Amino acid sequence: MATPNTPLWEVFIRSRNGLAHKHCGSLHAPDATMALQAARDLYTRRGEGLSIWVVPSSAITASDPADKAMMFEPAESKIYRHPTFYEVPEEVGHM
Amino acid sequence: MYTQALNSPEEGSLAEDAVRASRFQARIDAEERIEPNDWMPAAYRKTLVRQISQHAHSEIVGMLPEGNWITRAPSLRRKAALLAKVQDECGHGLYLYAAAETLGASREELVDAMLAGKAKYSSIFNYPTLTWADIGVIGWLVDGAAIMNQIPLCRCSYGPYARAMIRVCKEESFHQRQGYEIMLTLCRGTAEQKAMAQDALNRWWWPVLMMFGPPDQASQHSDTSTKWKIKRFSNDELRQKFIDATVPQAQYLGLTIPDPEMTQDEQGHWRHGPIDWNEFKQVLAGNGPCNRDRLAARRKAHADGAWVREAAAAYAEKRARRQMAQAAE
C-alpha cells in the first residue's frame with residue numbers, strides 16, 4: 001500500500017448529439033487516458049453516450065452550501081427578470 | 001446488486017449542535033435530498049459510510065460465485081449474458097464506492113477494511129455455486145431479493161446513494177430475467193435438469209430469505225435509519241413482499257419451495273416457516289461454507305494487481321514530469 005491514492009475524476013457524458021455533457025459519476029484512474037477508458041467501461045455499457053469528458057475532481061471549485069443564501073437569494077427577489085412580470089394586452093397577441 | 005440489512009450496533013453519538021440537527025431532520029422530513037457538502041450529523045455519515053461500503057463490498061465479492069461458472073456456461077448465449085452480468089456487478093460496486101467516498105472515506109481505506117476482514121458483505125455470497133442451476137437461482141432469487149431492497153433505496157435521503165441506486169436498479173432487471181430464463185429452460189428440460197433446478201432452489205431458498213436481515217423485533221437500529229429516511233421498509237416487510245412475488249414464479253416453474261410450513265393466509269400473503277437465524281449469525285461471523293475462500297480470492301486478486309497499479313502510477317508520474325519539463329522550456 002505504498003502507492004499513493006489513485007486520483008479521482010468526474011465523468012461527464014453527452015448522451016445524444018445536441019445535448020450538453022451531463023455529470024454522471026466519478027472514478028479513480030492514474031491518468032487521463034485511463035480515466036477515459038474506465039469511464040467508457042463503467043458508464044457506457046449500454047450505449048449511454050456519444051462523448052465523454054473526464055475532469056480531475058481536484059480541479060473543481062464548488063460553492064459552499066453554507067453560502068447558499070448569499071449566493072442565490074438575490075436572484076429570487078427579482079421577479080422583474082422574468083417575462084411574465086410584464087403586462088401585455090391580449091389584443092397585442094403573442095409576444 | 002446486493003444489499004443486506006446487517007444491523008451492527010451503533011456507537012453512542014456525540015453531542016451535536018442541536019439547532020443544526022433539528023434543521024437537518026426538518027430537511028429530511030420535507031423529503032429534501034442531502035448532498036455531500038451539506039451539514040449532517042456524524043452518526044448519519046457513519047451509518048451511510050458503513051451501509052454503502054458494505055453494499056459495495058457485496059457487489060465485488062458477489063462476482064466470485066458467478067464468475068466460477070463463466071468458463072463452464074452451457075452455451076455462448078449464456079456465457080455472454082453471464083459475463084455481462086458479472087461486469088455489471090463490478091460496475092455497481094464502483095458506483096457505490098464512489099458514493100461512499102463523497103462522505104469522506106477513501107477508496108483505499110474501504111477496500112483495505114474489506115480485505116482485512118473488518119468490513120461485512122452480504123452473507124449470501126458465502127454459499128457455493130455447485131451446479132449451473134445455481135446461476136439461474138442467483139439471478140432469479142438473489143438479484144430478485146436485491147431489487148426488493150434497492151428500489152426503496154432509490155428514494156434514500158442521501159443524494160449520491162439514491163442516484164447510484166437508480167442506475168443500479170435500471171441494470172438489475174436484466175439480471176433477474178436472465179436467471180429466470182435459465183430456470184425455465186432447466187424446468188422444461190429433462191427430468192435430471194429439472195431435479196438440478198429443484199436442488200438449487202432447495203439450497204438457496206433459506207439463505208436468500210436471510211438477505212433481508214434479522215426479524216424486525218431483533219433489529220437494533222432500524223429506527224434511526226427510518227427516521228433519516230435511509231430505510232423506508234422494515235426487514236420483515238421487504239421479506240414478505242419478496243415471498244409474495246416469488247411463490248407464484250416458483251409455481252409457474254413447477255418447483256416446490258422447500259418450506260413445508262409455507263401457507264397462504266386470507267389476505268393472500270404467503271407465510272413462511274421459521275428461519276434458522278443461528279445459521280445467519282454463523283455465516284456473518286465468518287463460519288459460512290465459503291467465507292475463507294471469498295476473502296482469499298479477493299486478497300489474491302488485489303495482490304496480483306499491485307504491479308499494475310504501481311506501473312500505472314509510475315507511468316502517470318513520468319508523463320506529468322515530462323509535461324512539466326516541456327512547459328518550462
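At what angle do helix 6 and helix 8 of chain B pack, and how many Å apart are their axes? In this predicted model, helix 6 (residues 132-153) of chain B and helix 8 (residues 191-210) of chain B pack at an angle of about 35°, and their axes are 9 Å apart.

**Helix 6 and helix 8 of chain B**

- The crossing of helix 6 of chain B past helix 8 of chain B is right-handed.
- On the helix 6 side of chain B, the contact involves W132(B), A133(B), D134(B), V137(B), I138(B), W140(B), L141(B), V142(B) and A145(B).
- Facing them from helix 8 of chain B are M196(B), A197(B), A200(B), L201(B), R203(B), W204(B), W205(B) and V208(B).
- Sorted by class, this contact between helix 6 and helix 8 of chain B has 15 nonpolar residues, two charged ones and no polar ones.

**The sheet in chain A**

- Chain A has an open sheet of three strands in the order 2-1-3, with antiparallel pairing.
- Strand 2 (22-28) and strand 3 (51-56) of chain A each have a single partner strand, so these edge strands are left with one side lacking a neighbour in the sheet.
- From one strand to the next, the twist averages 30°.
- Six bridges join strand 1 (residues 8-14) and strand 3 of chain A in the antiparallel sense.
- I13(A) has I52(A), in strand 3 of chain A, as its bridge partner.

**A helix on the sheet**

- Helix 1 (residues 32-43) of chain A packs on this sheet and touches strand 1, strand 2 and strand 3 of chain A.
- The direction of helix 1 of chain A makes about 115° with that of strand 2 of chain A.

Key
Residues are numbered from 1 along each chain as its sequence is written. Chains are lettered from A and ligands numbered from 1 in the order in which they are written. This is a predicted model: local features need pLDDT of at least 70, side-chain atom pairs count only at pLDDT 80 or more; totals for chains, interfaces and linings use all residues. Side-chain values use heavy atoms; hydrogens and water are left out. Axes are lines fitted to C-alpha atoms, for helices over the stretch in contact, and angles run from 0 to 180 degrees between N-to-C directions. Helices (H or I, at least four residues) and strands (E, at least two) are DSSP runs, numbered from the N terminus. A crossing is left-handed if the near helix is turned anticlockwise from the far one by less than a right angle, and right-handed if clockwise. Contact means heavy atoms within 4.5 Å. Ala, Val, Leu, Ile, Met, Phe, Trp, Tyr, Cys and Pro count as nonpolar, Asp, Glu, Lys and Arg as charged, and the others, Gly among them, as polar. Two strands pair if DSSP finds at least two bridges between them.
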